[in-house]
Amino acid sequence: MSICAIVLAGGSGTRLWPLSRTEYPKQFLALNGDSTMLQDTISRMSKLDVTSSITICNENHRFLVAEQLREINKLGSIVLEPIARDTAPAVALGAFLAKGDPLLLILAADHVIQNDEAFIKAVHNAI
């Protein structure tokens, strides 16, 4: 079964001030170790049978996303939201752009998941 991960990295940086700011929201911060929350999210996918991924962000963060993915050698498809409209439209955009008819795995780039094994098991159970 083909799986496409849709990584939502469009947060606005308003809830974790002063660490998180509009120019540098929490998904781009290393709050739980040496890698950023976005990098952790992308790295976690390597333990799954993900065949493609789309990272969705806003235009102001496109270079942050590209640089952080390049740092972990996972530079992939990055899509810019034309206008920030929150989660549902971003998921719809990713679904529309997914090639073929894959199973979609929707991932927020700003979550801390401390038990990767439990996460992987939950995804396998969902499949």
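Guide: Start with a definition: a disulfide here is a pair of cysteine sulfur atoms within 2.5 Å. This is a predicted model, where local features need pLDDT of at least 70, side-chain atom pairs count only at pLDDT 80 or more, and totals for chains, interfaces and linings use all residues. Residues are numbered from 1 along each chain as its sequence is written, and side-chain values use heavy atoms, with hydrogens and water left out.

Visitor: How many disulfides does a search of the whole structure find?

Guide: A disulfide is a covalent bond between the sulfur atoms of two cysteines. The sulfur of Cys4 has its closest cysteine sulfur in Cys57, 15 Å away, which is too far for a bond. The search of the whole structure therefore gives a count of zero.

Visitor: Are Cys4 and Cys57 buried or exposed?

Guide: Buried means under 20% relative accessible area, exposed means over 50%, and partly exposed lies in between (1.4 Å probe, protein chains only). Cys4 has a relative accessible area of 1%. Cys57 has 0%. Both count as buried.

Visitor: Which residues of helix 1 are buried?

Guide: Helices (H or I, at least four residues) and strands (E, at least two) are DSSP runs, numbered from the N terminus. Six of the eight residues of helix 1 are buried, so this helix is largely enclosed by the rest of the structure. The buried ones are Met37, Leu38, Gln39, Thr41, Ile42 and Arg44.

Visitor: What do the buried residues of helix 1 pack against?

Guide: Packing is judged by contact, meaning heavy atoms within 4.5 Å. The partners include both strands and helices. They are strand 1, strand 2, helix 2, strand 4 (103-108) and helix 4 (116-126).

Visitor: Which residues is Arg44 in contact with, leaving aside its neighbours within four places in sequence?

Guide: Arg44 belongs to helix 1, which covers residues 37-44. Its relative accessible area is 7%, so Arg44 is buried. Its contacts beyond those neighbours are His111, Ile113, Asp116, Phe119 and Ile120.

Visitor: Where do the buried residues of helix 2 sit around the axis?

Guide: Helix 2 (residues 62-71) has Leu64, Val65, Gln68 and Leu69 as its buried residues. They cover an arc of only 120° around the axis, taken from the directions from the helix axis to the C-beta atoms. An α-helix has 3.6 residues a turn, so residues three or four places apart point the same way.

Visitor: At what angle do helix 1 and helix 2 pack?

Guide: Axes are lines fitted to C-alpha atoms, for helices over the stretch in contact, and angles run from 0 to 180 degrees between N-to-C directions. The two axes are 10 Å apart, at about 50°. Angles under 35 degrees count as roughly parallel, over 145 as roughly antiparallel, 65 to 115 as roughly perpendicular and the rest as oblique. Helix 1 is therefore oblique to helix 2, at about 50°.

Visitor: Which residues make the contact between helix 1 and helix 2?

Guide: Helix 1 supplies Leu38, Gln39 and Ile42. From helix 2 come Val65, Gln68, Leu69 and Glu71.

Visitor: What is the phi of Asn73?

Guide: Most residues other than glycine have a negative phi, and most peptide bonds are trans. Asn73 lies in the loop between helix 2 and strand 3, and is exposed at 70% relative accessibility. Its phi is positive, near 60°.

Visitor: And what is the phi of Asp86?

Guide: Asp86 is in the loop between strand 3 and helix 3 (87-97). Its relative accessible area is 65%, so Asp86 is exposed. Although Asp86 is not a glycine, its phi is positive, about 80°.

Visitor: Which residues does Leu75 touch, not counting residues up to four places away in sequence?

Guide: Leu75 lies in the loop between helix 2 and strand 3. It is exposed, with a relative accessible area of 55%. Its C-alpha is 8.8 Å from that of Val65, ten residues apart in sequence. The residues that Leu75 touches are Ala66 and Leu69.
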